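Here are my notes on the model you sent. Please read them with the structure open.

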Amino acid sequence: MALGMSEPLILRPSDNVAVLTRRAQLGADPLEVGAPLPTSLSAGHKIARQDIPVGAPIVKFGQFIGKATTNIVAGDHVHTDNCIFDNPEQSYAIVADLKAARAAIPVTEPLTFQGYLRSDGRVGTRNYIALLATVNCSATVIRRAASEIEASGLLDAYPDIDGIVALAHGTGCGMAGSGPGFEILDRVLWGHATHPNVGAAVFVGLGCEVMQIARMQSHFGTGATAHFHGLTIQDSGGTRATIDAIKDHVVSLLPTVNGVSRSAQPMSALRVALQCGGSDGFSGITANPALGVASDLLVGQGGTAILAETPEIYGAEQLLLRRAASGAVAQKLIRQIKWWESYTALNGGSLDNNPSPGNKQGGITTILEKSLGAVAKGGSTPLTAVYDYAERVDAPGLVFMDTPGYDPVSVTGQIAGGAQVVVFTTGRGSAFGSKPAPTIKLATSDRLFGTMPDDMDLNTGDILSQGVAIADKGREIFNLIRATASGQLSKSEALGLGDHEFVPWQIGAVM
């Protein structure tokens, strides 16, 4: 499908709004309906194709995105002053599109990438040593140790090690010793310690915290702990002594971690996290559907695409449920949606609070509109599994993980689940990066790609400006994923981003 630079853009014949592909000046009449604009409008915003009476649905992508709060005249700007979120009436047709989704799986020649084969059969795209704080009290010592090792030049002699990553966070104590909050942190820490992109891991605690190293190790067993090591500040003799002990231990690990090399591995070994942040009115038109094509190509290789951000599929979940692989898969996603409705209400919020001020400046009006664009990242293949936050992902195909929409928290869960590469679409711009899995960032427009060249890995704006087919752009993204998995640095890696984006989801009382 090629869109080209039509002005304005009509996405579906049933839509009663069109999208501006370029800025419209005061007095312009983009639809030539005799309704000059009373103010200038940025690209990505919506204008009415026809008269829309008060209370009537606003339709974009052929789907309901809100209802009119006033009588809207053809040519009017449609946004927050005349369109409001309304809880969608959903009649889920579970598995109705499963047959078509199975037919959408591409049949392609098996491909390989250059990765690190681990002893458990999983494959890494990077080779890090991870220092993990079990509690905020040990955050400084792991960061200081990592910084001193990196500055010392020790790693220069070990070219197959990508670096030392310090994974610090703000919890680990003052929390319940059981329940969802504890279980989430447990999964996040262990998921990063045993991640295929991690050659060895060192856990560092204070010693008296709730999140005890021994308890976590006992809970998960010892079968996957060959590269697992732990120490505490209290047992090591204080802050400076612990920093030195961490450094000494890392030095002893360097030859072993460096003793692996890349080899040809099947693309079926890849788990790719799908993300969007700083979205705009073009996200669901260019970058997200192109990433959906790349997701389908990955699924066709036997790999896994991990869609997430539950609040950002709200109102569009029916598109996933219609292609769920089973009723059980669908019901788990529905339970997660219902949980979020209750969770936001309990905290005095609404799922429509999700679109940020920047999203709205970029043309997105309601969460329903944002969700329709976000789901496009998942392509067209069956939804094969649904996971809880940070749960280890072991099913191939398109899967979903329950996470918040906040990017650092969401990606932390996906990486804990095993994602070795993250692909992140953005319309407003993002300076996000991640470790130990690299992030690839896709710009939704030529403007963004030109204004943030050091952050954006690939431009999808040429889908509109040059008429590049979405399928062709999707193949370009797929090839970039393959190259990045083989060791090509992403822009965020070149900038050194990712050390501070480790943010486990905190649920429960702080005590």
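Which residue of β11 stands opposite I129? A200 does. The points below start from that pair; keep in mind that the model is predicted.

1. **The strand pair.** I129 and A200 face each other across two strands. Strand β9 covers residues 128-133. Strand β11 covers residues 198-205. They run parallel, and 6 bridges join them.

2. **The sheet.** β9 and β11 belong to an open sheet of 4 strands, in the order β10-β9-β11-β12. The pairing is parallel. At the edges are β10 (163-167) and β12 (228-232), each of which pairs on one side only. From one strand to the next, the twist averages 20°. As background, strands of a sheet pair through backbone hydrogen bonds, either parallel or antiparallel.

3. **Helices across the sheet.** Two helices deserve a look here. Helix α2 (residues 139-152) lies across β9, β10 and β11. The direction of α2 is at about 165° to β10. Helix α6 (residues 239-258) lies across β9, β10, β11 and β12. For α6, the angle of about 165° is to β11.

4. **The α7/α15 packing.** Two packed helices are described by the angle between their axes and the distance between the axes. For helix α7 (residues 287-300) and helix α15 (residues 470-485), the angle is about 60° and the axes are 7 Å apart. The two helices are therefore oblique to each other. The crossing of α7 past α15 is right-handed. On the α7 side, the contact is made by P289, A290, L291, V293, A294, L297 and L298. On the α15 side, the contact residues are I470, A471, K473, G474, R475, I477, F478 and I481. By class, this contact has 12 nonpolar, 1 polar and 2 charged residues.

5. **N288.** This residue is also in helix α7. Is N288 buried or exposed? N288 has a relative accessible area of 1%, so it counts as buried, the cut-off being under 20%. Leaving aside neighbours within four places in sequence, N288 is in contact with C276, S283, G373, A374, A376, K377 and T425.

6. **Backbone points to check.** Most residues other than glycine have a negative phi, and most peptide bonds are trans.
   - E309 is not a glycine, yet its phi is positive, about 65°. E309 is found in the loop between β15 (304-307) and α8 (317-321). At 1% relative accessibility, E309 counts as buried.
   - A390 has a positive phi too, near 65°, in a residue other than glycine. The loop that holds A390 is between β16 (383-387) and β17 (397-401). Why does A390 count as buried? Because its relative accessibility is 3%, and the cut-off is under 20%.
   - K435 and P436 are joined by a cis peptide bond, with omega about 5°. P436 is found in the loop between β18 (421-426) and β19 (439-443).

Key
Residues numbered from 1 in each chain as written. Predicted model: local features only at pLDDT ≥ 70, side-chain atom pairs only at ≥ 80, totals over all residues. Heavy atoms only, no water. Pairing = 2+ DSSP bridges. Axes fitted to C-alpha atoms, helices over the stretch in contact; angles between N-to-C directions. Contact = heavy atoms within 4.5 Å. Buried < 20%, exposed > 50% of the residue type's maximum accessible area, 1.4 Å probe, protein only. Parallel < 35°, antiparallel > 145°, perpendicular 65-115°, else oblique. Left-handed = near helix turned anticlockwise from the far one by under 90°. Nonpolar A, V, L, I, M, F, W, Y, C, P; charged D, E, K, R; others polar.
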